[in-house]
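Student: Could you walk me through this structure? I have not seen it before.

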Amino acid sequence: MPILDFASRHIGPDAADLDQMLKKTGNDSLDQLIQETVPSSIRLSKPLNLPHAQTELQFLKQLRSAGSKNKNFATFIGLGYYGTVVPGVILRNILENPGWYTASTPYQAEISQGRLEALLNFQTMVLDLTGLQITNASLLDEATAAAEAMHMFFATRPKEKVQQNANRIFVSEGCFPQTIDVLRTRSEPLGIEIVTGDPFSTDLDDGYFGAILQYPGMNGEVADFSSWTTSAHHRGIQVAVAADLMSLLLLTPPGDWGADVVFGSSQRFGVPLGYGGPHAAYFAAKESYKREMPGRIIGVSVDSHGNRALRMALQTREQHIRRDKATSNICTAQVLLAVMAGMYAVYHGPDNLKSIAETIHKNAMRLAKGIESLGYRQLNKVYFDTLLIHSSNRLEKIRQSALDAGINLRYADNEHIAISLDETTDDDVIQKLLDVFAGAAGKKLIPIPDVSSDVIGSVFARKSSYLTHPVFNQYHSETEMLRYIKSLENKDLSLTHSMIPLGSCTMKLNATSEMRPVSWSSWSDIHPFAPTDQAGGYQQIIGELEQYLCEITGFHAVSLQPNSGAQGEYAGLMVIRAWQHSRGETHRNVVLIPSSAHGTNPASAVMAGMKVIVVACDDMGNIDIPDLRQKAEKYKDNLSALMVTYPSTHGVFEEGIREITSIIHQAGGQVYMDGANMNAQVGLTNPATIGADVCHLNLHKTFAIPHGGGGPGMGPIAVASHLAPFLPSHPVVRTGGNTTAVSAAPWGSASILLISYAYIRMLGSRGVTDATKYAILNANYIKARLEGKFQILYTGSHHRVAHEMIVDCRPFKASAGIEVEDIAKRLMDYGFHAPTMSFPVPGTIMIEPTESESKDELDRFCDALLSIHGEISEIETGAADRQDNVLKNAPHTLGSITSDTWKHSYSRQKAAFPLPYLLNNKFWPAVGRVDNAYGDRNLICACPPVESYLEAVV
């Protein structure tokens, strides 16, 4: 490949590597390997019709040109999205730093302590500001967080409420429109009735189980809900509050006046608008909800040396374990953005944060006073940052004048204008706003007036302290902040260190040229509800990306709204449900799901109001077709869909896939294809060809969006033509089909769509297809190297795997007392993140190398696993002790290796430097093996007192 060809940068093996790897796999050519791997009946007959590949220079030039079509107006639309100042030290050292954005979800806590601490800071910030006791490490957006609150309340109804069939939830008309729309989407399949209205004029009876309020309200009014909440509690009604985090620096937190749950967005804590995302939602609750909380909770535990260590707590709540009985289908969170928001609080500290909030509030008061002096009425008695102006029959004049001045306002109705200020609002733009209103009124221009007091008053003013922990009070110079961020980064293993072979996660290269535009202001500063003619660049990229994804999947239409893979699953099922309901088939509520499916599949199906029926797999790891046929026949009258992953989660292209999809269609159902393994399909086959009707795509896997340490992600869905009218729409900006929204923003986390767009444009048709071929090659090369020492559980008819494989570690438990966890922890000593553990088969590891890793890196990983096999053999033969050995004591920290005392039966060198390459490139785990049970028994999800840091021992 020419040196300027992006594919040569993205794909790891070069021509010399290819020859050696094919020799090892026993193939004469790469095409021969593909023919042996992908069934001929489903292979595409012609190349993808995609644009020719661009060089990195060509792409960046083109994207700058497209970005110029986005207009950076001064925007005061609000509705949960606000201008913010991203501190440069956070922008450069977190958002633009691959040490942070290429890390995986912190499943392996010992090599994830940095981002776990950053997330604990985020949780502490949320708890302090909301006044509650337990929180998670982020959710997808404010609207879906509201839906999670509704689900949690519904699932935890007291016995008497269940007996009363209490199925109504009150939603304040002051909630954001996108929140209400998502609540409608999520409530209908579960039989929950949404009732909207004015909280103070709605009578709540025993038929209600919950209520959701907005604080401050959509149009800015701050109301006193304390007695209202008390009254609701007397009726057994649980209360959730959507709260603006910035306002809680000045306002009484909802936790102080009795709210059961407080949720919202942390976007205005230093996270760019990005035309809708990604942003980290927060979700806090009373202690009593800890077992039902959605999302991931970071908790404090101890390691094998007695030192403080962090980990993901209470994981038995999650869909990977509980499947259809999980508290939520959430898989991806918004870790990178939660880290940024938490660091914003660390950098500014409580005093500067309060100053920012006070400045926003003061500017709102100055603007209000000025507008009122021009003869307009400002209707909010108490407000934080949002004014509601009666236009005095001048709304159209104001609208046009504002647009001429480069200003976006929100027009609440035909008479009222809402104006939401933020930390970017300065005197220049306040003066422009006053000029707009003066001109519309035919008045002389006025200067910005001064104000001497605030309008919050003692009733609403916050009295409780916040952010008192030392972490929020010691890193306020850029030097100290830079070093703190770097110290945490150094504790985490990411793609900057080594390959991350997580099966079903596709941890491929996130190229710098793909990432660069995300932080360009022409893309990062656009409000999601700005007029579409001000977002011409985004509209161009979105339209072209939708076309490319249609070509790749073979489908007719795409929705980019779902902002995670699990959201895509849910959206796909809801599209099927809407289509079937439109045909009068409301009785179709059965979903068939293979036993090997991702845990999100059954969890998403239950959320969509479906009954899950499990289909068996045969000894080869394929769907048991006779069992599928029998169950499709049994449930044909009520069959809604089959959820199938292809290639399967067992890492094999099932040759009977067309027969499988045909069985479902003959029984009256639809086929949903989980796109988690699309990295093995692109350019070789597609969902339409195998007979699917809808699929979701993990853009954070196949299409190069980084995992960000556990988010963000994107899970768009692609559908056949008959399903296109039922794609999700949006209540603020028209998009998609005719159903309600599934996410807060019209195009989900729109700014990171640029990354997948870049991936396709720079690779082109041939490049994306070659990426698939090399992903399959790399997996089969690893298989060839490991066979003989490790058993590969499932292969196709030609003894090939797809892009990943399952390695059986169960025999080692009987022969040496070694569990799969011991192997995972020992890999850390070799500088590697473990493959996916015990999914979909307990006691196994699932390895996925991706196309981006070179032969050298693949060999290094294989050498590590083979060396570990040798260490297991030493235990089997008695050369190593069954309890005191390098696997049971792994990982080994620098502190343990350099300790004055060494009581183990093996050497320090064997523990820390088992292979020569480690002498020159050693990654040290920050802590010893973490005690998971201790952390769950003693749940702490906020920063512990500083004394606990001093008590830690080496």
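**A guided look at the model**

Tutor: Helix 13 is mostly covered, as 29 of its 39 residues are buried. Buried means under 20% relative accessible area, exposed means over 50%, and partly exposed lies in between (1.4 Å probe, protein chains only). Helices (H or I, at least four residues) and strands (E, at least two) are DSSP runs, numbered from the N terminus.

Student: What should I know about the model itself?

Tutor: This is a predicted model, in which local features need pLDDT of at least 70 and side-chain atom pairs count only at pLDDT 80 or more, while totals for chains, interfaces and linings use all residues. Residues are numbered from 1 along each chain as its sequence is written, and side-chain values use heavy atoms, with hydrogens and water left out.

Student: Back to helix 13: how far apart are its end C-alpha atoms?

Tutor: They are only 46 Å apart, short of the 57 Å that a straight helix would reach. That expected span is 1.5 Å times one less than the number of residues.

Student: Where is the kink in helix 13?

Tutor: The kink, of about 100°, lies at Gly349, shortly before the proline Pro350. The bend at a residue is the angle between axes fitted to the seven residues ending there and the seven starting there. Just after helix 13, Gly375 takes a positive phi of about 100°.

Student: Now the strands. Which strands pair with strand 5?

Tutor: Strand 3 (residues 168-172) pairs with strand 5 in the parallel sense over four bridges, and six bridges join strand 5 to strand 6, also in parallel. Two strands pair if DSSP finds at least two bridges between them. Ile169 stands opposite Gly210 in strand 5, and the bridge partner of Gln214 is Ala242 in strand 6.

Student: Is strand 5 covered or open?

Tutor: Strand 5 (residues 208-215) is mostly covered, with eight of its eight residues buried.

Student: And why is strand 10 described as largely enclosed?

Tutor: Six of the six residues of strand 10 are buried, so the rest of the structure largely encloses this strand. Strand 9 and strand 10 run antiparallel, joined by six bridges. In their hairpin, which has five residues between the strands, Gly306 has a positive phi near 85°.

Student: Changing topic: where is Tyr646?

Tutor: Tyr646 is in the loop between strand 19 (639-645) and helix 24 (657-666). Tyr646 counts as buried, because its relative accessibility is 0%. Beyond its neighbours within four places in sequence, Tyr646 is in contact (heavy atoms within 4.5 Å) with residues including Pro39, Phe653 and Ile690. A polar atom of its side chain lies 2.9 Å from the backbone oxygen of Glu654.

Student: Which peptide bonds are cis?

Tutor: A cis bond joins Gly277 and Pro278, with omega about 10°. The bond from Ala890 to Pro891 is cis as well, with omega near 0°. Pro278 lies in the loop between strand 7 and strand 8, and Pro891 in the loop between helix 29 and helix 30.

Terms used. Polar contact = N/O pair within 3.5 Å; in protein donor to acceptor, adjacent residues only side chain to side chain.
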